[in-house]
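Subject: Handover of a structure and notes on it

Dear colleague,

Please find the structure below, together with notes on what was found in it. I would be grateful if you read the notes with the structure open beside them.

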Amino acid sequence: MSFKETSKIIIGCMSWGDWGKKFSLKEQSNLIQFCVDNDLTTFDHADIYGDYTTEAGFGSALAVSGIPREKLHLISKCGIQYVGQTRNNTIKHYNYSKDYIVWSAEQTLKNLKTDYLDTFLLHRPSPLMHPDEIAEAVTALKNSGKIKAFGVSNFTTSQMELLSNRITLESNQIEFSLTQHTAMHDGTLDYMLQKNINVMSWSPLGFVFKEDNEQTQRIKLVLKQLTHKYNSSEDSILLKWILKHPANVSPVIGTTNKQRILNAKDALKTPLELEDWFSLLVECQGHKVP
Ligand SMILES: NC(=O)c1ccc[n+]([C@@H]2O[C@H](COP(=O)([O-])OP(=O)(O)OC[C@H]3O[C@@H](n4cnc5c(N)ncnc54)[C@H](OP(=O)(O)O)[C@@H]3O)[C@@H](O)[C@H]2O)c1
């Protein structure tokens, strides 16, 4: 199964465990079931979530849910060496040695209680990463069937280019939203569109609900009008904004609220009209386009 066959809306699991909601096994298996019942079958993880504990909670919940593994597309990431309670790291750093990448992927498989990952990502670029070493690790993981597709996260255009020369790069998970749209201007999305690399966007709602300032108040005024016009919620309109980009972005949503998960699915229905898209950009920027 390749990433292209997954659900357009991706369920982010960063806050399911110790870094957020601290859901019980039952709550997690209910939420997985709810997502799957609504055709939201792709789940985004990283080894570090919950100080390396969240994957295991999800894996146990998935096991008790009884949902067949092949119904899901599981994504996880490696490379960040985080300072917490579970590892002896003395400083946060990145490790992309061949052995570490392979070991990390195997740990993730154990935690998620599965024998393959649909998509495996390098979480953040490291100044010390070598494309040949990464390519060797990824090739070994692919050849053994432990990962189906390989991608990166938070990589720049030149970093994607560096790896693409050695190994097929299928996705890049980047921060992209109305309020953080650098990728639209610095060539990242142009490059991914040109090379047919899947775009996943984390924090797809940006800081509209996280900050209350002049900028977010301006945005909210337009959002309010658009919710009436499209008979939609504010979060749904914000997702429609990123979905309209021609690079074919898949939002990785962070909410665990069932209504908001459905709002995200609803975002796929009616696309924003051109002038509505620009009206949100203008309010975000605080000035019209040149
Ligand atoms: N690759 C990376 O480096 C990276 C970095 C960060 C995150 N991620 C991934 O991206 C996922 C999503 O990130 P995110 O959580 O920042 O994304 P997000 O979907 O932009 O933000 C979710 C937050 O917004 C709140 N929210 C949603 N709708 C709202 C509304 N209508 N009104 C008020 N608040 C609302 C949610 O609260 P409720 O939960 O209460 O609804 C939640 O706290 C993570 O789970 C993770 O999988 C990846």
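A residue is called buried when its relative accessible area is under 20%, exposed when it is over 50%, and partly exposed in between, using a 1.4 Å probe and the protein chains only. Please keep in mind that this is a predicted model, in which local features need a pLDDT of at least 70 and side-chain atom pairs count only at pLDDT 80 or more, while totals for chains, interfaces and linings use all residues. Residues are numbered from 1 along each chain as its sequence is written, and side-chain values use heavy atoms, with hydrogens and water left out.

The ligand and its surroundings

The ligand is surrounded by 26 residues, where a residue counts as near if one of its heavy atoms lies within 4 Å. The closest are Asp 44, Ser 153, Ser 203, Thr 255 and Arg 260. The space that the ligand takes up is the largest pocket. On a 1 Å grid over the protein atoms alone, a pocket is an open set of points with protein on both sides within 12 Å along at least five of seven lines, whereas a cavity is a set of points where a 1.4 Å probe fits but cannot get out; lining residues have an atom within 4 Å of a point. A molecule sits in either one if more than half of its atoms lie within 2 Å of its grid points.

An N or O atom in the side chain of Lys 210 lies 3.4 Å from an oxygen atom of the ligand. The protein covers 81% of the 920 Å² of accessible area that the ligand has on its own; such areas come from the Shrake-Rupley method with a 1.4 Å probe, and for residues only the protein chains shown count as cover.

Two residues with positive phi

Ser 203 also has a positive phi of about 45°, although it is not a glycine. Ser 203 is placed in the loop between strand 9 and helix 8. Helices (H or I, at least four residues) and strands (E, at least two) are DSSP runs numbered from the N terminus. Is Ser 203 buried or partly exposed? Ser 203 counts as partly exposed because its relative accessibility is 24%.

Lys 113 is not a glycine either, and has a positive phi of about 55°. Lys 113 is found in the loop between helix 4 (98-112) and strand 6. With a relative accessible area of 52%, Lys 113 is exposed.

Strand 6 (residues 117-122) is largely enclosed by the rest of the structure, because 6 of its 6 residues are buried. Two strands pair if DSSP finds at least two bridges between them. Strand 3 (residues 73-78) pairs with strand 6 in the parallel sense over 4 bridges, and Ser 76 has Phe 120 as its bridge partner in strand 6. Strand 6 also pairs in the parallel sense with strand 7 (residues 147-153), over 5 bridges; here Leu 117 has Ile 147 as its partner.

In a regular strand the side chains alternate between the two faces of the sheet. Strand 10 (residues 249-253) has both faces covered: Val 249, Pro 251 and Ile 253 on one side, and Ser 250 and Val 252 on the other, are all buried. Strand 1 (residues 10-12) runs parallel to strand 10 and is joined to it by 2 bridges, with Ile 11 opposite Ile 253. Strand 9 (residues 198-202) is likewise parallel to strand 10, joined by 4 bridges, and Ser 201 is the bridge partner of Pro 251.

Further buried residues

Phe 176 lies in the loop between strand 8 (171-175) and helix 7 (188-195), and counts as buried at 0% relative accessibility. The C-alpha atoms of Phe 176 and Val 249 are 8.9 Å apart, although 73 residues separate them along the chain.

Ser 232 is in the loop between helix 8 (214-230) and helix 9 (234-243), and is buried at 11% relative accessibility. Its side chain makes polar contacts with the side chains of Ser 236 (3.2 Å) and Asp 266 (3.4 Å). A polar contact is a pair of N or O atoms within 3.5 Å; within protein, one must be able to donate a hydrogen and the other to accept it, and residues adjacent in sequence count only if both atoms are side-chain atoms.

Yours sincerely
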